[in-house]
Amino acid sequence: MHRTHTCGELRIEDIGKTVTLSGWVQKSRDLGGMTFIDVRDRYGITQLTFNSDDDESLRSRARELGREFVIKATGTVIERSSKNSKIPTGEIEIKVSNLEILNESKLPPFTIEDETDGGDDIRMKYRYLDIRRNPVKNSLLFRHKVTQEVRNYLSNLDFCEVETPYLIKSTPEGARDFIVPSRMNPGQFYALPQSPQTFKQLLMVGGMDKYFQIVKCFRDEDLRADRQPEFTQIDCEMSFVEQEDILNIFEGMTRHLLKTIHGIELDQFPRMTFDEAMRTYGNDKPDIRFGMKFGELNAVAQHKEFAIFNNAELVVGIAVPEAASYTRKQIDELIDWVKRPQVGASGMVYAKYEADGSLKSSVDKFYDQADLLKWAEATGAKPGDLILVLSGPADKTRAQLSALRMELGNRLGLRKPDEFAPLWVIDFPLLEWDEESGRYHAMHHPFTSPKLEDMPLLDTDPGKVRANAYDLVLNGNEIGGGSIRIHDKEMQALMFKHLGFTEEQAQDQFGFLMNAFQYGAPPHGGLAFGLDRLTAILGGQETIRDFIAFPKNNSGRDVMIDAPATIAIEQLDELNIALKPLTK
């Protein structure tokens, strides 16, 4: 037996017990004739003591221990004379009678402490060391807790966990697939699933009724900040349901997580249409923990002599609370921020709503006090607030102002990680126009059901057709999304037609699903949560990396195992693959 107790387990009531602990050396200290060793495992830290008066040779061995040595120590639990209230074991220590070195360690490339001196790159290269640190370890334990609560909630509602294949068929919709060559079928390829979408629908055709799976998904797309090429979904599907049934089930699951993990009880989640979210916040996943709603100013800012506004498709502003005191330097810094390439605004107009009720703007030459009061009314500004205004093409300008709003939310401390503000966004467009391909694409996927009352618009105005689709947003992040699916073969064929598929292409790519629909497919729908994102937000963080045991970097590389990597020519030959020379 390597241990009788863990390093976080012993307390004052254990005094007098003979115990054995095993773990890693956190640090050592020499004080006079005594040496103190902090030994650490997943559960905590316990102090070991070695006294020259008791056993000089044992103390000498203890002094040779380096950081991260793996040791086994047997001794007696005694009361600690200098107690440490910062750790649960701080009232006791172990008077060691036997010490065994289980494994020595090289000096780690960074300190294994909560506040480490290691940068991201070095910590990812030595991720197995990084996991020993409390912030990463606790994030992984937190993920485990969230996952277990999800399984408990869904299992108690008669959901059945079913695994679906990883080696599937490539489909043209969505992001690029990761491709896997088949040795046994030369010249043919599997794809790794971007989601188990068609399989969960087939499970509904198979009568499974309520399915879930905590599943790896893969997308070969350009990685933006905080995205991973492989990620985990809580994938769910239900039969004989309508949209309201699904919203209630998974709103209940989110409430369950917030209550069991944080002790927070929330009322019914608010709902907002896609159009309202875009008009009011400039994006489809608004953070509603704070205000600064958009105020459209076309009616009150155009038709003057200010050409920039007059020539704009949209003039829109926000009121920044209690920011009228900003200096010109602070405002100029905000103007420079929105003009960065990542945001892309050409400039910004501002108006200070002074505490005395007067308004002073950067365009006073064109607008009088009565005009500016209308700006204040449209943006909801109060005395003491700062009004910031952007203008230009509608969609682009809304996106720019949304980015500014979120930046100000961060700067003003309005995005508090211990506050949770969920929101359902509903009534998404069924289709979105893609300029590059010159055709409509499914905003979610080609199996999303249109609202029946909008079906006549498919032929006359496809962009205005709404979908039975919904996203769950938490603190400005989409944590889940889904839809009611098409379960009728004729409607699915019509959808493929409007997405530009020929009958032959539709049959080739999705014939298996179309054929299944001929055998009595029930009405069905579902939702998938992003487990990585959900866990990070519940954990009070925005970055997902620390909640994944072995993440990739922003180039999609695992720098720890150095993957992806080249493979032997013999393996390529077995797969009937020839590589073209790389060109610059």
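Visitor: Which residues of helix α1 are buried?
Guide: L58, R59 and A62 are the buried ones in α1, a helix of residues 56-63. They sit on the same side of α1, because they cover an arc of only 100° around the axis. The arc is that of the directions from the helix axis to the C-beta atoms. Buried means under 20% relative accessible area, exposed means over 50%, and partly exposed lies in between (1.4 Å probe, protein chains only).

Visitor: What is this model, and how are the residues numbered?
Guide: It is a predicted model: local features need pLDDT of at least 70, side-chain atom pairs count only at pLDDT 80 or more, and totals for chains, interfaces and linings use all residues. Numbering starts from 1 along each chain as its sequence is written, and side-chain values use heavy atoms, with hydrogens and water left out.

Visitor: What covers the buried residues of α1?
Guide: The cover includes strands β1 (18-31), β2 (34-41), β3 (44-51) and β5 (92-103). Helices (H or I, at least four residues) and strands (E, at least two) are DSSP runs, numbered from the N terminus.

Visitor: In what order do the strands of the barrel come?
Guide: The order is β1-β2-β3-β5-β4, 5 strands that close into a barrel with mixed pairing. From one strand to the next, the twist averages 55°. Helix α1 packs on this sheet and touches β1, β2, β3 and β5, with its direction at about 65° to that of β5. Such axes are lines fitted to C-alpha atoms, for helices over the stretch in contact, and angles run from 0 to 180 degrees between N-to-C directions. Contact means heavy atoms within 4.5 Å.

Visitor: Are β3 and β5 parallel or antiparallel?
Guide: Their pairing is parallel, over 2 bridges. T49 stands opposite K95 in β5. Two strands pair if DSSP finds at least two bridges between them.

Visitor: New topic. Which strands make up the open sheet?
Guide: It has 5 strands in the order β12-β13-β16-β14-β15, with antiparallel pairing. β12 (295-296) and β15 are at the edges with a single partner strand each, so one side of each has no neighbour in the sheet. Helix α12 (residues 394-411) packs on the sheet and touches β12, β13 (314-320) and β16, and its direction makes about 10° with that of β13.

Visitor: How many bridges does β14 make to β16?
Guide: There are 4, and the two strands run antiparallel. Y350 has L388 as its bridge partner in β16. With β15 (residues 359-361), β14 pairs over 3 bridges, also antiparallel, and A351 has S361 as its partner there.

Visitor: Are the faces of β14 covered or open?
Guide: Both are covered: V349, A351 and Y353 on one side and Y350 and K352 on the other are all buried.

Visitor: Which way do the residues of β17 point?
Guide: P422, W424 and I426 point one way, L423 and V425 point the other, and all are buried. β17 covers residues 422-426. V425 in β17 stands opposite M272, and opposite D471 in β20.

Visitor: Which residues touch the most other members of the largest nonpolar core?
Guide: V146, L154, F250, W424, F529 and L538, in a core of 39 residues. Helix α6 (residues 243-262) gives this core its largest share, 8 residues. Another core, of 29 residues, lies apart from it and has A277, Y281, L431 and L499 among its members. A nonpolar core is a set of buried Ala, Val, Leu, Ile, Met, Phe, Trp, Tyr and Cys residues joined through side-chain atoms within 4.5 Å.

Visitor: What is F250 in contact with?
Guide: Leaving aside neighbours within four places in sequence, F250 contacts L154, F159, C236, M238, W424, L472, L527 and F529.

Visitor: And what covers the buried residues of α4?
Guide: The cover includes α3 (127-130), β9 (210-218), β10 (230-239), α6 and α16 (531-538). Among the buried residues of α4 are V146 and L154. After α4 comes D158, with a positive phi near 70°.
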